[in-house]
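Here are my notes on the model, in the order I went through it. Have the structure open while you read.

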Amino acid sequence: MAVQLGDIAPDFEAQTTEGPLRFHDWKGNGWAVLFSHPKDFTPVCTTELGAVARLKPEFERRDTKVIGLSVDPLDAHDRWGRDIEQVTGFRPNFPMIADADRAVSGLYGMIHPNASDTMTVRSVFVIGPDHKVKLMLTYPASTGRNFDELLRVLDSLQLTARYAVATPADWKHGEDVIITTAVSDDDARVRFPKGFVAKTPYLRVTPQPNV
Ligand code: BEZ
């Protein structure tokens, strides 16, 4: 059964570039991004891993640990790290799982046989403090991911976990948010003292509560 939103992220033990770990223990009570890339020593993946290393302080500001994965062995991950630094200026500064036996990629459904039966696709799982899966993305090998979008999504997930709000299309941190329909107008006046505008009875917008 494939992992779905709201499931407890499967726990596992793995060998990584930062030593062996058990996923839930490593993650602790914060947030985590688990992402797979298809293959070491490939061009798009090289740019992606450099981009994640560059953004690590932004993930840390969001109490989020990142961990990569491919089915390549540890020594390949280590050697490839030098290329990534040479090309992007950033050496991977987060663990990369060596999933040669495909144990973790199988657990998370990261191999899509009709795309490739030997490589993982570009999967992303965002996992919350409760170890539950909050977001999943799947990209093909030919399209590098936008990791700024992942930070934007983390901002939304963390905000909506704390307040009875949702975020509209293209929302960015600091912009107005939507009061969820479960909140009555009377309740909204109490919960959102900055006030709200009802564009329709079901679409009420309010300034982001925590800025
Ligand atoms: C890439 O990262 O460029 C790549 C990886 C696997 C297959 C095709 C491209």
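1. Conventions before anything else. Helices (H or I, at least four residues) and strands (E, at least two) are DSSP runs, numbered from the N terminus. With that rule, the protein chain comes out with 7 helices and 11 strands. Keep in mind that this is a predicted model, where local features need pLDDT of at least 70 and side-chain atom pairs count only at pLDDT 80 or more, while totals for chains, interfaces and linings use all residues. Residues are numbered from 1 along each chain as its sequence is written, and side-chain values use heavy atoms, with hydrogens and water left out.

2. The overall picture. The C-alpha trace of the protein chain spans about 60 × 40 × 35 Å along its principal axes. Of its 211 residues, 44% count as buried, where buried means under 20% relative accessible area, exposed over 50%, and partly exposed in between (1.4 Å probe, protein chains only). The areas themselves come from the Shrake-Rupley method with a 1.4 Å probe, and for residues only the protein chains shown count as cover.

3. The ligand site. Which residues are around the ligand? They are P38, T42, P43, V44, C45, M119, R122 and A141, taking near to mean that a heavy atom of the residue lies within 4 Å of the molecule. Sorted by type, this shell has 6 nonpolar residues, 1 polar and 1 charged. The sorting puts Ala, Val, Leu, Ile, Met, Phe, Trp, Tyr, Cys and Pro under nonpolar, Asp, Glu, Lys and Arg under charged, and the others, Gly among them, under polar. Helix α2 (residues 43–54) gives the most to the shell, with 3 residues.

4. A polar backbone atom of P43 is 3.4 Å from an oxygen atom of the ligand. For V44, the distance from a polar backbone atom to a ligand oxygen is 2.8 Å. C45 also has a backbone N or O atom 2.8 Å from an oxygen atom of the ligand. The ligand has 260 Å² of accessible area on its own, and the protein covers 78% of that.

5. Helix α2 itself. It has 12 residues and reaches 17 Å from its first C-alpha to its last, close to the 16 Å expected at 1.5 Å a residue; the expected span is 1.5 Å times one less than the number of residues. Buried residues in α2 include C45, E48 and L49.

6. E48 pairs with R145, the closest N and O atoms being 2.6 Å apart. This links distant parts of the chain, with E48 in helix α2 and R145 in the loop between β7 (133–139) and α6 (147–162), 97 residues apart. Are these two buried or exposed? E48 is buried at 2% relative accessibility, and R145 is buried at 9%.

7. Helix α6 and its pairs. D155 and R62 meet in a salt bridge at 2.8 Å, N to O. D155 sits in helix α6 and R62 in the loop between α3 (56–61) and β4 (64–70), 93 residues apart; both D155 and R62 are buried. R152 and E149 form another salt bridge, at 2.7 Å, N to O. Those two are 3 residues apart in helix α6, so about one helical turn separates them. R152 is partly exposed at 24%, and E149 is partly exposed at 31%. Salt bridges that share partners also join E58, R61, R62 and D155 into one network.

8. S116, worth a look. This residue lies in the loop between α5 (103–108) and β6 (122–127) and is buried, with a relative accessible area of 15%. Its side chain reaches the backbone nitrogen of T118 at 3.2 Å and that of M119 at 3.1 Å. M119 is also one of the residues around the ligand.

9. Last, A32. It lies in strand β3 (residues 31–36) and counts as buried at 0% relative accessibility. A32 and V126 are 94 residues apart in sequence, yet 5.8 Å apart in space, C-alpha to C-alpha.

Technical notes. A polar contact is a pair of N or O atoms within 3.5 Å; within protein, one must be able to donate a hydrogen and the other to accept it, and residues adjacent in sequence count only if both atoms are side-chain atoms. A salt bridge is a side-chain nitrogen of Lys or Arg within 4 Å of a carboxyl oxygen of Asp or Glu.
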